[in-house]
Amino acid sequence: MLSTAEALTTLLSAATPITGTESIPTLDALNRVLSADVVSPLDVPPMNTSSMDGYAIRTEDLTTDGNRRLPVSQRIPAGHAPEPLERGTAARIFTGATVPPGADAIVMQEQTEAAGNEVTILHSPASGEWITGQGADIRSGSIILPAGTRLTPQALGLAASVGCAELQVRRRAKVAVFFTGDELTMPGEPLKPGAIYNSNRFTLRGLLEKLGCDVTDYGIVPDKLDATRTTLREAAQAHDLILTCGGVSVGEEDHVKPAVEAEGRLSMWQIAMKPGKPLAFGAVRRAAQQADAAASDETFFIGLPGNPVSSFVTFLLFVRPFVLRLAGMQTVAPRALSLRADFTQNKADRRNEFLRARVNAAGGLDLFPNQSSAVLTSTVWGDGLIDNPPNHAISVGETVRFIPFSELLN
Ligand code: AMP
Ligand code: MG
């Protein structure tokens, strides 16, 4: 059996980033992955700005003779270029406006008294007070977003703040997905005896879409060798990864394994984890005439176990980082938290358990009572996975490693 760490290392060492890039409008770039660093062509803010409504002054003008009354020599709204500040005067200034040359502090208007064309300063500001210096946020020439960054809303805002109208991104990872199992039925169709609904189609498609993949969903492929081989061949042409679900358990009467072996290569892994365990990793050949010169001549293949919780957890732990690496991201490990277990878990096993748990109001973790790999309810009730090492029982009060779904679902 492989450890979870060994399986992940092997997967990630195979996952070379896709090569195609494109330039797209910043407004459309949410969730895309940068293929080049974004370098700022300017300082942000581009000038010294006031961060208050008030008066721009020279602090030395207040200290010379104790005089705190200054004539107001100019008015500076945001978006207007000021004149240099005359000695012994104040400038009326507003938030976001350019600080006039010569002024070294802003006094907020609540700390002043205006009368006619004069203002009395009721406060002794330190030099620099309420001034946001030119370049305080960003220096011209600095890398504000490195290649490999996935663009969040705030990253788009940062790129826009330096005037980037377009961004260089990698093309989306193209993932084909299909499902095997003669028992599978789509919601909306009557459930015959012995049948179950194809819940994994909804979960896995949702997971892929959340990761920003371009998904082709082939639905349920009949459990026949020919049909499976045909789907694999077709999917291999235009995708980076083929993901399947079901039929990777040992001794399973299933056609995914022989079909992938006939169309490419396959390793069947037994991973020392619970839920999960079986996982198939390999590749499907691409027809030579259709493979473009720069691209690989094969498409990756990952086969997930069919049990709903197993496929969910193996996706989060293995497919997610693999797909993010394909998409061009460097940092793909979810950040885990150290939290207190407010429960006991006796069932120590030689496998690495991933327990569905949620954070309670006291900041500790509660465990979903039924940890069976068929009980999908646990994945909705929980808000993350406890990563419990092999052979380890958990006692109340112990600190455990918790990986929140918020880290795993994006
Ligand atoms: P398998 O990995 O094919 O041996 O399937 C293990 C269990 O997961 C069986 O109980 C299957 O019925 C169930 N299963 C397989 N595929 C799906 C699916 N797409 N949706 C829901 N359950 C599934
Ligand atoms: Mg099956």
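**Sheets, helices and a ligand shell in a predicted model**

Colleague: How many bridges join strand E4 to strand E6, and do they run parallel or antiparallel?

Modeller: Strand E4 (residues 54-57) is joined to strand E6 (residues 90-93) by 3 bridges, and the two run antiparallel. Strands here are DSSP runs (E, at least two residues), as helices are (H or I, at least four residues), numbered from the N terminus, and two strands pair if DSSP finds at least two bridges between them. This is a predicted model, in which local features need pLDDT of at least 70 and side-chain atom pairs count only at pLDDT 80 or more, while totals for chains, interfaces and linings use all residues. Residues are numbered from 1 along each chain as its sequence is written, and chains are lettered from A and ligands numbered from 1 in the order in which they are written.

Colleague: Which residue in E6 is the bridge partner of Ala 56?

Modeller: Ala 56 has Ala 91 as its bridge partner in E6. E4 is also joined to strand E7 (residues 105-108), by 4 bridges and again antiparallel, and there Tyr 55 stands opposite Val 107.

Colleague: What is the strand order of the open sheet they sit in?

Modeller: The order is E7-E4-E6-E5-E9-E8, an open sheet of 6 strands with mixed pairing. E7 and strand E8 (112-115) are the edge strands, each pairing on one side only, and the twist averages 40° from one strand to the next; angles run from 0 to 180 degrees between N-to-C directions, with axes being lines fitted to C-alpha atoms, for helices over the stretch in contact.

Colleague: And how do E5 and E6 run, parallel or antiparallel?

Modeller: Strand E5 (residues 69-76) runs parallel to E6, with 4 bridges between them, and Val 72 has Ala 90 as its bridge partner in E6.

Colleague: Switching topic, which strands make up the open sheet with E16 in it?

Modeller: That open sheet has 6 strands in the order E16-E13-E17-E21-E20-E18, with mixed pairing. Strand E16 (214-220) and strand E18 (264-270) stand at the edges with a single partner strand each, so one side of each is left without a neighbour in the sheet. Direction ignored, neighbouring strands of this sheet are turned by 15° against each other on average.

Colleague: Over how many bridges do E20 and E21 pair?

Modeller: Strand E20 (residues 278-285) and strand E21 (residues 298-304) pair over 6 bridges in the antiparallel sense, and Val 284 stands opposite Thr 299 in E21.

Colleague: Now the helices: at what angle do H4 and H7 pack?

Modeller: H4 and helix H7 (residues 308-326) pack at about 15°, with their axes 10 Å apart. They are therefore roughly parallel to each other, given that angles under 35 degrees count as roughly parallel, over 145 as roughly antiparallel, 65 to 115 as roughly perpendicular and the rest as oblique.

Colleague: What about H5 and H6?

Modeller: Helix H5 (residues 225-238) and helix H6 (residues 256-263) pack at an angle of about 50°, their axes 9 Å apart, and are therefore oblique to each other.

Colleague: Last one: which residues come nearest to ligand 1?

Modeller: Asn 200, Gly 246, Ser 249, Gly 306 and Asn 307 come nearest, out of 19 residues around ligand 1, where a residue is near a molecule or strand if its C-beta atom, placed from the backbone, lies within 6 Å of it. Helix H4 (residues 199-210) gives the largest share of the shell, 3 residues.
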